[in-house]
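Biologist: Could we go through this model together? I would like to begin with the way the chains meet.

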Amino acid sequence: MTAPPGPFRPQFWRSPLRGPWLTSAVGTALLVLVAIVAVTGFLSHAAYEPDLRGNAIVPAAADLPITFGWPTSPSWLYALNQSLHVNVGLAAVPFLLAKLWSVIPRLFAWPPVSSLAQALERAGIALLVASAVFQFATGIANVQHWYAFHFNFVVAHYYGGVVFVGALVLHVLVKLPVIVRAYRRHGWLRPLRADLAHTRPEPADPHGGLAPEAPDPPTLSRRGLFAFVGGASLLLLAANAGESIGGPVRRLAFLAPRREDFPVNKTAAAARVTPAMVGRAYRLRLSDGARVTELSRDELLAMPQHTARLPIACVEGWTTTQTWSGVRLSLLAEAAGVAGAGSAFVRSLQPAGVLSKASLSGDAIAAGDALLALRVNGHDLALDHGFPARIIVPGLPGVHNTKWVASIEFGPPA
Amino acid sequence: MRRRLPLLAHLALLPLCAWALVQVFRVSSAKADVGIAVWLVGAVLVHDLLVLPLYSGLDRAARGAVRGPNVNYLRIPAALSLLMLIVFWGVIGRRGDGYALRWLLVTAALFTGSALLYRARRRSARPRRPGR
């Protein structure tokens, strides 16, 4: 069967740089980056402790049974995790684009299906490319608060991650012999030594179909291409990473979605928390599941206060470290009659929303710096930052630091 | 064994992918299902049949306008600028507070840097290779 004209014919693809070595080299770099992104992504899922009451966003019955107690020390653990997830993800974009460019002739391979094995492989590749572009597109749109999609981001991005990792492992296993052959033939980095004058096409590979049959003269060396792709990575990193590092670097992050020192993702108005709800009538309700103890904000301020410098780290990758003071959660557990509580179910005054409630583990409650914060940087909390009282626990995802706390129900010691 | 590994890998990993796809459609509403399917399929189509041909076409046009490797002084800053625009469209295109201006300034800096590099390289090349 003759291939139809155009991209289905090998002569159509003329870049002198395409070939198994180039794809292997770009793919290896991309693999390292996406491995970091995938691992931190699944760690973030675990950090939400979906096994605790009210925490699961992906329904527990439909989830992989992988959960563990997320540590509260070091306090910057989740900040580091999400900084890596988001920033390494951005840095991987140019490598992903380069990788897809390097293999585009394979999309038009003719005949489209030549054997059962090849049909299976193409199905795997379709899943890989679809889930890869899906993960990057939804993740990037989400950190920019661009909800262009009408589905639950967390659910779709989680299962998309599972599809991506499955298809990626499959792809690496299937292509391993091709990769090994390319590196054996050309060396790990040898093709990068050639300057433009010495840049030659890779030898034609009738089976792979990546090296060109009729190459144009090169306008870029292979090391030039890597410098271009790597430079693009660094540029995207420079545009964003400041929001994850904080301090004076934050202002340099010229395209980061969160450039302010103390960002607010959800304002009181957006959460429909009104000044009346947090006025003089406000009482924090503590319970042990049966008996309720009510405390006014003045009574909370009269309890022993503890001060700690802790970061809030958003799943979106931005971090801010502030000095919080308030009542230790372990002390509140005692006040509720549950010394050494094994869990705390925290509800917000916020009337609705997935994140109007969150459970904390016994370890989180016991952490010395785990607070019901009443003040920040020496002032009462602002309404948008959770006045009259908010949770702040070291090392946890930002949204589990519930704002406008209405009630805490402590569970018995584990 | 070497020939069987890919088959075994497919048998182990394709079902995992299928499980995740089944779950995401099962736990989401019908409306969300359509959205996810559109985004999954649309992502590949938009990249492979729109974005890639588009930038390849632009690249070809640039190589037609500027012959030889000098095209890099044009296409590399242009590609970096476009990449920033696409990756950060959620803020550059949708938020007013200076994002578009900063993107333009960085774009200008990239082209300026490229032009200076071109000039410097041409100067240093001139004594040895006149009229390069």
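Biologist: How much area do chain B and chain A bury between them?
Modeller: Chain B and chain A bury about 5,000 Å² between them, with 80% of it on carbon and sulfur atoms. Buried area here is the accessible area (1.4 Å probe) that two parts lose on being put together, summed over both.

Biologist: Which residues in chain B lose the most area to chain A?
Modeller: They are B:His10, B:Trp39 and B:Phe88, which together account for 13% of what that side buries.

Biologist: Before we continue, what kind of model is this?
Modeller: This is a predicted model, in which local features need pLDDT of at least 70 and side-chain atom pairs count only at pLDDT 80 or more, while totals for chains, interfaces and linings use all residues. Residues are numbered from 1 along each chain as its sequence is written, chains are lettered from A and ligands numbered from 1 in the order in which they are written, and side-chain values use heavy atoms, with hydrogens and water left out.

Biologist: Back to the contact: how many residues does it take from each chain?
Modeller: It takes 53 residues from chain B and 59 residues from chain A, where contact means heavy atoms within 4.5 Å.

Biologist: And how many salt bridges are there between chain B and chain A?
Modeller: The count is one salt bridge, defined as a side-chain nitrogen of Lys or Arg within 4 Å of a carboxyl oxygen of Asp or Glu. The side chains of A:Asp216 and B:Arg63 form it, at 3.6 Å from N to O. Eight residue pairs, both at pLDDT 80 or more, are in polar contact between chain B and chain A. A polar contact is a pair of N or O atoms within 3.5 Å; within protein, one must be able to donate a hydrogen and the other to accept it, and residues adjacent in sequence count only if both atoms are side-chain atoms.

Biologist: Which helix gives the largest share of the side of chain B that touches chain A?
Modeller: H1(B) does, with 15 residues. Helices (H or I, at least four residues) and strands (E, at least two) are DSSP runs, numbered from the N terminus. The residues on that side of chain B divide into 37 nonpolar, eight polar and eight charged. Ala, Val, Leu, Ile, Met, Phe, Trp, Tyr, Cys and Pro count as nonpolar, Asp, Glu, Lys and Arg as charged, and the others, Gly among them, as polar.

Biologist: What does B:Val87 touch?
Modeller: Not counting residues up to four places away in sequence, B:Val87 touches A:Leu90, A:Val93, A:Ile140, A:Gln144 and A:Leu236.

Biologist: Is A:Gly124 buried or exposed?
Modeller: A:Gly124 counts as buried because its relative accessibility is 6%. A:Gly124 lies in helix H3 of chain A, residues 116-143. Beyond four places in sequence, A:Gly124 touches A:Ala167, A:Leu170 and B:Leu14. The C-alpha atoms of A:Gly124 and A:Leu168 are separated by 8.6 Å, although the two are 44 residues apart along the chain.

Biologist: And where is A:Gln350?
Modeller: A:Gln350 lies in the loop between strand S5 (343-348) and strand S6 (357-361) of chain A. A:Gln350 is buried, with a relative accessible area of 9%. A polar atom of the A:Gln350 side chain lies 3.0 Å from the backbone oxygen of A:Ala352.

Biologist: Finally, how many helices and strands are in chain A?
Modeller: Chain A has ten helices and ten strands. Buried residues make up 54% of its 414 residues, and its C-alpha trace spans about 80 × 45 × 35 Å along its principal axes.

Notes: Buried means under 20% relative accessible area, exposed over 50%, partly exposed in between (1.4 Å probe, protein chains only).
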